[in-house]
Amino acid sequence: MPAEETVDDGPTPAIAAAHREAMRSGAPMYLDPETGLFVMTAAALAERGHCCGSGCRHCPYPADERRRAGRPGS
């Protein structure tokens, strides 16, 4: 399982705040305040048990697992 301390809250303060609030409340997704799109939280991604290789914003998996999943440059 991924380590929580490796989770990136996001590229901007507004996104980071939305992610932290969703994580705090246990929501699996949040509405991106900049794009209006739904984004999965690190907790929801971790529940999968593996990296999907899609480049998710809050991917909680280490770079070596991202590469194994087909995400080059991770």
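**Entry 1: the overall fold**

How many helices and strands does the chain have? I began there, keeping in mind that this is a predicted model. I found three helices and two strands. Reading along the sequence, I noted the pattern α-β-β-α-α.

Next I looked up how much of the chain is tucked away. Of its 74 residues, 28% count as buried. The chain exposes about 4600 Å², and carbon and sulfur atoms supply 54% of that area. I also checked contacts with a separation of 6 or more: residues 24 or more positions apart account for 20% of them.

**Entry 2: salt bridges**

Side chains of opposite charge can pair when their charged atoms come close. With that in mind, I went looking for such pairs and found three salt bridges in the structure.

I started with Glu-21 and Arg-24, whose closest N and O atoms are 2.6 Å apart. Both residues lie in helix H1, which covers residues 13-25. They are three residues apart, about one turn of the helix.

I then turned to Arg-57 and Asp-32, whose side chains meet in a salt bridge at 2.7 Å, N to O. This pair links distant parts of the chain, its members being 25 residues apart. Arg-57 sits in the loop between helix H2 (42-48) and helix H3 (63-68). Asp-32 sits in the loop between strand S1 (29-31) and strand S2 (38-40). I noted a contrast in accessibility here: Asp-32 is buried, with a relative accessible area of 2%, whereas Arg-57 is partly exposed, with 32%.

My last pair was Arg-68 and Asp-64, with 3.5 Å from N to O. Why can these two side chains be about one helical turn apart? They are four residues apart in helix H3, so about one helical turn separates them. Arg-68 counts as exposed at 63% relative accessibility, and Asp-64 counts as partly exposed at 37%.

**Entry 3: a nonpolar patch**

Which residues make the nonpolar surface patch? I wrote down Met-29, Leu-31 and Phe-38, which together give a patch of about 330 Å². I looked up Met-29 in particular. Met-29 lies in strand S1 and counts as partly exposed, at 42% relative accessibility.

**Entry 4: cysteines**

A disulfide is a covalent bond between the sulfur atoms of two cysteines. I searched the whole structure for disulfides and came back with zero.

Cys-51 counts as buried, at 10% relative accessibility. Cys-56 is partly exposed, with a relative accessible area of 26%.

I finished with two residues that touch each other. Gly-10 is found in the segment before H1. Is Gly-10 buried or exposed? With a relative accessible area of 19%, Gly-10 is buried; the limit for that label is under 20%. Setting aside residues up to four places away in sequence, Gly-10 touches Ile-15 and His-58. I also checked its spacing from Arg-20, which is 10 residues away along the chain: their C-alpha atoms are separated by 9.5 Å.

His-58 counts as buried, at 0% relative accessibility. Which side chain makes a polar contact with the side chain of His-58? I found the side chain of Tyr-30, at 2.6 Å.

I then listed what else His-58 is in contact with, leaving aside its neighbours within four places in sequence. Among them are Asp-8, Asp-9 and Gly-10, along with His-19 and Tyr-30. The list also includes Val-39, Met-40, Thr-41, Ala-42 and Leu-45.

Note on methods. Residues numbered from 1 in each chain as written. Predicted model: local features only at pLDDT ≥ 70, side-chain atom pairs only at ≥ 80, totals over all residues. Heavy atoms only, no water. Buried < 20%, exposed > 50% of the residue type's maximum accessible area, 1.4 Å probe, protein only. Contact = heavy atoms within 4.5 Å. Areas by Shrake-Rupley, 256 points an atom, 1.4 Å probe, with all protein chains shown as cover. Salt bridge = Lys/Arg side-chain N within 4 Å of Asp/Glu carboxyl O. Patch = residues over 30% accessible without salt bridge, like charges linked within 9 Å, V, L, I, M, F, W, Y side chains within 5 Å. Disulfide = S-S within 2.5 Å. Polar contact = N/O pair within 3.5 Å; in protein donor to acceptor, adjacent residues only side chain to side chain.
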